[in-house]
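Please consider the complex shown below before reading on. The explanation begins after it.

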Amino acid sequence: MARFILRRFLWMLVVLFAISLITFGLMRAIPGGPFTGEKRLPAETLAALNAKYHLDQPLYIQYLTFIRDIVIPRVTTGEQSNYLDHEYLINISLPLGDRATLRWMNFGPTYSTIGRTVSDIFRDNLPISMQLGFLAFTLSVVIGIPLGAISALRRNTLVDYSAMGLAVLGISVPVIILAPMLQYLFGVQLKWLPVSGWGKLQQVILPTFALGVANSALVARLTRASLLQVLSQDYIRTARAKGLSERMVVVRHALKNSLIPIVTVLGPTLAYLLCGTFIVETIFGIPGMGKFFVTSVTGRDYQVIMGTVLLLAMFLVIANAVVDIVYVVLDPRIRQE
Amino acid sequence: MADLDKLERPQGITQAQRLVRVKGRSLTADAFHRLSRNRAAMIGTIIIILNILVALFAPRIAPKAFDDVSFKDTNGAPAWVTKVFPNMKPLEQGGYVKVRNSYLLGADSLGRDLLSRIIYGARVSLAVGIVTPLISLIAGLTVGLIAGYRGGWLDNLLMRIVDIMFAFPTYLLIILLMAVFRLGSSALEPGSPAYAFSRLDAAMGGLLFIFIGIGITSWMGDARLVRGQVLSVRENDYVLAAYALGAPTSRIILRHILPNIFGPLIIAETLAIPGYIGYEAFLSFIGLGVNPPTPSWGGMIADGAPRIQSFPNQAIFPALALFVLMFAFNFMGDGLRDAFDPTLRGRE
């Protein structure tokens, strides 16, 4: 087991490295730079800006510097510098005196706003996305799993048909459609909830639904399929044959085992939701991380591109690794292999 | 064989043969029969066919040109729309909406006819829904066949690449790719192959890069599926027999392995189509989709969303169109899977 986890962890690092390399290559393949916008800057200004952000160095040095600043932790002492290059995401003070601090993950400055760093974006905007994402995730689990389970247990009845019809409906309504419709119905027509904004409880409800409905439909379909599969297994027949109540059979034997494939999907879904989504945050005017996924690319904000991609990739890779480990724990058959 | 036909057939068997012939049905025919009895799947199929017809005959059906700008009709709406959406009060009743009955669903902020744009927009969504699965199917099939059939280090390498691609956040990869394609094409010199590609893309209204971008990010599932199927199918005795008889690799793959893996592959791709259509809508929403003024439902929703409080029709009608098409593809895909999935046999 320990070897399995170690192997999994090393592979995780390889994947993250590959993703950072691909991202770096792709983003530098986009012509133009962060400072070649609508109005053309004088050549000296451009050169000075590029020098300030080390964009005048060879590409491989830029890449290696970037990786080094993120990966390698540092211990600093004394007065902290205010220089943008030294802004770390994680700062832990050490009990060594002289304000010794362990600093880790320096994602660098953003070019679009003077005096801000990618770490600032993570501190200010990521928590908002995470709140929204976590709510949407909870919603999809709370709706999806019971709906799917009821469908499977009442297979080929009216309950099943209507629940699964509803689920197909949910899958066919991506947020890009659902968000404006919810806004119009509950915000403009009924005036029950605010159309946009973030901070009040009422402002949370619509975006949570917009984000959660499609996922709950997916979870419901998956739960149904998985539970049906499990219910046809021999050990369910054994459980029934030895006289267990239907309730026991379903809850203890069937439902628990049917969760395994659902967990595989839920892991990456949670990772995606936590990092923010562009469409929901744009439509509902939520100051989360989502917009940076798009604006950083269109504005060639290199550090933000690398930072956001790596952050999401990190979440995804960790989620997948956790899913793999949970898998092994839940299913003794995999453990033996 | 010709000689055999001339022989007189024994009378007793013919009756039995006739019975067998009437009842006999291939697995595929059986599946299609089941599909045709699935009402939801049939409705989905009919909607898709209607959409294809609308897309093909868009110039005939559309009441106006999709790029006809008319500034005196901006944000106009017909009378029935102002009744359906009660907050859209007409100017005559103290509201703000210009009533223009010649626009059947209303006009957008440039005074372009919404209905005509929705009709032309069907072309983009359908093209993406039909071409993208083909691209990812071909790519996935190639990689999966090579990995599964050759095995060894090549298999290992290809599957690790698939793993990495899977771990890459799809939406971000598409955004990056599209930025490289879209913004990169302006800096190309004439004569290079990349330049030819960008000209072709421009001629297709920006669709080519969308096909490629979505295709590149969505072949991995197919590759895994094909590889797994190849590994299991090639263990069969008939493949061994073909090999023993000296059949070349290409024949074994084409005649013995491909027909066996095509079913699950096509089902998987059909189920993925709504996702592809959604990707295109997303790309158009963030401004990296088809080139304006080519209408796309996603782009129309993006245009209308900020004005949803005043002019809900501008976002909701294209949203409805997109929804109906995705719904139809989902129903058809589900029906196809149920019809072909052997585990469902005899359980109904």
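Predicted model: local features only at pLDDT ≥ 70, side-chain atom pairs only at ≥ 80, totals over all residues.

Residues are numbered from 1 along each chain as its sequence is written, and chains are lettered from A and ligands numbered from 1 in the order in which they are written.

The predictor assigns the complex an ipTM of 0.85 and a pTM of 0.84. Among the elements of chain B, the highest mean pLDDT, 91, belongs to helix α7 (residues 114-150), and the lowest, 54, to helix α2 (residues 11-23). In residues 344-348 of chain B the pLDDT is below 50, and beyond near neighbours in sequence this stretch has one contact in the model; two residues are in contact if their C-beta atoms, placed from the backbone, lie within 7 Å.

Chain A contains 14 helices and three strands; these are DSSP runs numbered from the N terminus, helices being H or I of at least four residues and strands E of at least two. The C-alpha trace of chain A spans about 80 × 60 × 40 Å along its principal axes. Of its 337 residues, 37% count as buried. A residue is buried if 20 or more other C-beta atoms, placed from the backbone, lie within 10 Å of its own, exposed if 12 or fewer, and partly exposed in between. Of the contacts in chain A with a separation of 6 or more, 69% are between residues 24 or more positions apart.

Two loop residues of chain A deserve attention for their backbone. Most residues other than glycine have a negative phi. K191(A), in the loop between α7 (175-189) and α8 (201-231), has a positive phi near 55°. R300(A), in the loop between α12 (290-298) and α13 (302-330), has a positive phi of about 50°. K191(A) is exposed, because 10 other C-beta atoms lie within 10 Å, whereas R300(A) is buried, because 22 do.

Which residues form the contact between the chains? In chain A, 37 residues are in contact with 37 residues of chain B. On the side of chain A that touches chain B, α1(A) gives the most, with eight residues. By class, this side has 31 nonpolar, six polar and no charged residues; Ala, Val, Leu, Ile, Met, Phe, Trp, Tyr, Cys and Pro count as nonpolar, Asp, Glu, Lys and Arg as charged, and the others, Gly among them, as polar.

Key:
pLDDT = per-residue confidence, 0-100.
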